[in-house]
Amino acid sequence: MVNLIWLFFILIGFIVAAAHGNIAVFSEAVFDGAKTGVTICFSLISVLVLWLGLMRIAEDAGLLKKLSILLRPIVRFLFPTIPKDHPSIGYIMSNMSANMLGLNNAATPMGIKAMEELQKLNVNKETASPAMCTLLALNTSSITIIPTTIIAIRMANQSMDPFEIVGTTLMATAISTTAAIVVDKWYQRKALRNE
Amino acid sequence: MYGLITAISLWAIPVIIVFISIYAFFKKVPVYESFIDGAKDGFDTAIKIIPHLVGMMVAISVFRASGAMDYMLGFLQPVLNFIGVPSEVFPLAILRPITGAGSLAFTTDLIQEYGPDSMIGRIASTVQGSTDTTLYVLTVYFGAVGIRKTRYALKVGLISDMVGFAATIIICMLVFG
């Protein structure tokens, strides 16, 4: 599906640019996009280095293990394929906690670390395992409690009540996360049956 | 509640960092050495994501800059208008899963034009806050560990985005209506 979307973007972009008689915009956009991709990765470096360092301290202190024991029932339900006491669980839980607190730049390194641990369990290294798909589903629908960025924009635009969307955001995010879990479960069962 | 929420977002990171360090210190962990040990993987991970993110950003950039995205939004507008919800927010349904920066820019535009406290401003704010950029998250998370075959992950993400968008509109109409 990713292949199709990628091809669709490029092809339709080409056709529209050509039809507008403005093919120059195509090459310009290609190099712009490449630059954006690299820029984002470079801005990720500092965040990744910082949080992976802190996470190692938490891991060595046994904090991640504590967190995963505390939230074990949730993990057993969402990730039935992960063995008990696997190190990925602590990372998954800290990823989810960071998401909830709206700490986006902490959530990403923890999520990536969790993916790395899940990759160790993965049989086919180029294909996503069901557990990886579940972790991704939780992150794309992102369980946010405090949408910090948008509150700041509302404040900057003289909102009478910049926080009034916290409640609606919470409800919306709960519904989309529930949808993600339900749909993911459905595909997960299908995938596990086939294996 | 406002005070509490601002306080949480202000205090969360400092408290987490200090708590982890102090706790580890009392558990006799060599904190600085541990930090360095974990941190050294950060650079490699970021570099590993580059090909994935460049590939995805190129496609998205072409799609937007060529005007193709505007056409797509134009096609969908009449279908969506039908339901009787402010049609100005509909482009967000397509922008949000594809581009984080793009949808944030669009939301900011809507807030500036219609005001943060209008129905349009509230719906846009809620859409922006309640979900993440599916395509970006997929590219970064799977890219970091070298996953190429994404199986059903994208479908799950996009379906939950659609459900979330529909839910946002219904919730905002009920709460602020």
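Reader: How many cavities of 30 Å³ or more are there?
Author: The count comes to two. Keep in mind that this is a predicted model.

Reader: What is the volume of the largest cavity?
Author: About 40 Å³.

Reader: Which residues line the largest cavity?
Author: Ser68(A), Arg72(A), Arg76(A), Lys84(A), Asp85(A) and Ile89(A). By class, that lining has four charged residues, one polar and one nonpolar.

Reader: And the second largest cavity, how much space lies in it?
Author: About 40 Å³. From chain A, its lining has Leu52(A), Met55(A), Arg56(A), Glu59(A), Tyr91(A) and Lys113(A). From chain B come Gly38(B) and Asp41(B).

Reader: Which elements give two or more residues to that lining?
Author: α2 of chain A and α2 of chain B. The largest share is from α2(A), with four residues. The lining of the second largest cavity divides into four charged residues, three nonpolar and one polar.

Reader: Why use a probe to look for empty space?
Author: A probe the size of a water molecule is rolled over the atoms, and this shows where empty space is left.

Reader: Which helix gives the most to the lining of the largest pocket?
Author: α2(A), with seven residues. Other elements that each supply at least two include α6 (104-121) and α8 (148-156) of chain A. On the chain B side, α5 (100-114) and α7 (134-145) are among them.

Reader: What is that lining like by class?
Author: The largest pocket has 20 polar, 16 nonpolar and four charged residues in its lining.

Reader: What volume does the second largest pocket have?
Author: About 680 Å³. Its lining is made of 31 residues, and the closest to the centre are Ala93(B), Ile94(B), Pro97(B), Leu158(B) and Met162(B).

Reader: Where does the largest share of that lining come from?
Author: From α8(B), which gives 11 residues to the second largest pocket. By class, the lining has 24 nonpolar, four polar and three charged residues.

Reader: New topic: the two chains. How many residues are in contact?
Author: 101 residues of chain A are in contact with 97 of chain B. Between them the chains bury about 8,500 Å². Carbon and sulfur atoms carry 76% of that.

Reader: Which residues of chain A lose the most area to chain B?
Author: Phe9(A), Glu126(A) and Thr140(A). Together they make up 8% of what that side buries.

Reader: What does Glu126(A) form a salt bridge with?
Author: With Arg148(B). The closest N and O atoms are 3.6 Å apart. The count between the two chains is five salt bridges.

Reader: Which helix gives the most to the side of chain A that touches chain B?
Author: α2(A), with 26 residues. By class, that side of chain A has 59 nonpolar, 29 polar and 13 charged residues.

Key:
Residues numbered from 1 in each chain as written. Chains lettered and ligands numbered in written order. Predicted model: local features only at pLDDT ≥ 70, side-chain atom pairs only at ≥ 80, totals over all residues. Heavy atoms only, no water. Nonpolar A, V, L, I, M, F, W, Y, C, P; charged D, E, K, R; others polar. 1 Å grid on protein atoms, 1.4 Å probe; cavity = no way out; pocket = protein on both sides within 12 Å on 5 of 7 lines; lining within 4 Å. Points joined across faces, edges and corners; volume = space filled by probe spheres on them. Contact = heavy atoms within 4.5 Å. Buried area = accessible area lost by both parts, 1.4 Å probe. Salt bridge = Lys/Arg side-chain N within 4 Å of Asp/Glu carboxyl O.
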